[in-house]
Amino acid sequence: MLTGREGVTVPLSADAADRARRILAEIVALGPALPGTILARSMRCRSPGCHCHADPPHLHGPYWFWTRKVEAKTVSQVLSAEQVDEYRTWSDTDRRLRALVRELEQIAIAAVEADLRSPHRPPSGLRPADPPVQNP
Ligand SMILES: [Zn+2]
């Protein structure tokens, strides 16, 4: 069963319910999940005579960053060498968490699509009202 906030339940196959339980158990066992990206970047400075402006350039770094979006802007934080491995692990955990959430969503989508209680299409010739009626 898939029970929503309103107490409405959609039948889940035993198989799907099993998979959902396994996914939830894995999510419970996950550690910190860090969104964003861990990346190394070589840098150029502002001093025109520096080797980083030579041909071929000899850049500064690489430096490690954790970057993420905050209100549509990219925010970066410099990481020390000892932070990189730990942050990568947390970042991998975040990727796994998102994959597990997508799997849970797929289970719900499949259950709703197969829900035999869904009404058939409205009679032909009817068109959707514009704007949509919120509480018919
Ligand atoms: Zn430089």
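Trainee: What makes S4 and S5 a pair, and in which sense, parallel or antiparallel, do they run?

Mentor: In this predicted model, S4 and S5 are joined by seven bridges in the antiparallel sense; since pairing asks for at least two bridges, the two strands count as paired. One of the contributing positions is Trp66, whose bridge partner in S5 is Gln77. The two strands also form a hairpin with two residues between them, and Glu71 in that turn has a positive phi of about 50 degrees.

Trainee: How do you know that S3 and S4 pair, and over how many bridges?

Mentor: Strand S3 and strand S4 (residues 60-70) share six bridges in the antiparallel sense, and the requirement is at least two, so the pairing holds. Among the facing residues, Leu39 has Phe65 as its bridge partner in S4, while Ala40 stands opposite Trp64 in S4.

Trainee: Why are S3 and S5 said to stand at the edges?

Mentor: The three strands form an open sheet in the order S3-S4-S5. Strand S3 (37-43) and strand S5 (73-79) each have a single partner strand, so one side of each is left without a neighbour in the sheet. From one strand to the next, the twist averages 40 degrees.

Trainee: Which helix lies across S3, S4 and S5, and at what angle to S3 does the helix run?

Mentor: That is helix H2 (residues 81-113), which runs at about 140 degrees to S3.

Trainee: What makes Leu34, Ile38, Phe65, Trp66 and Tyr87 a nonpolar core?

Mentor: These five residues form the largest nonpolar core of the model, and membership requires buried residues of the nonpolar kinds joined through C-beta atoms within 7 Å. Ile38 touches Trp66 and Tyr87 of that set, and its contacts also include Trp64, Val84, Arg88 and Ser91, leaving aside residues up to four places away in sequence. Across the chain, 4% of the 136 residues count as buried, where the cut-off is 20 or more other C-beta atoms within 10 Å.

Technical notes: Residues are numbered from 1 along each chain as its sequence is written. This is a predicted model: local features need pLDDT of at least 70, side-chain atom pairs count only at pLDDT 80 or more; totals for chains, interfaces and linings use all residues. A residue is buried if 20 or more other C-beta atoms lie within 10 Å of its own, exposed if 12 or fewer, and partly exposed in between; C-beta atoms are placed from the backbone. Two residues are in contact if their C-beta atoms, placed from the backbone, lie within 7 Å. Helices (H or I, at least four residues) and strands (E, at least two) are DSSP runs, numbered from the N terminus. Axes are lines fitted to C-alpha atoms, for helices over the stretch in contact, and angles run from 0 to 180 degrees between N-to-C directions.
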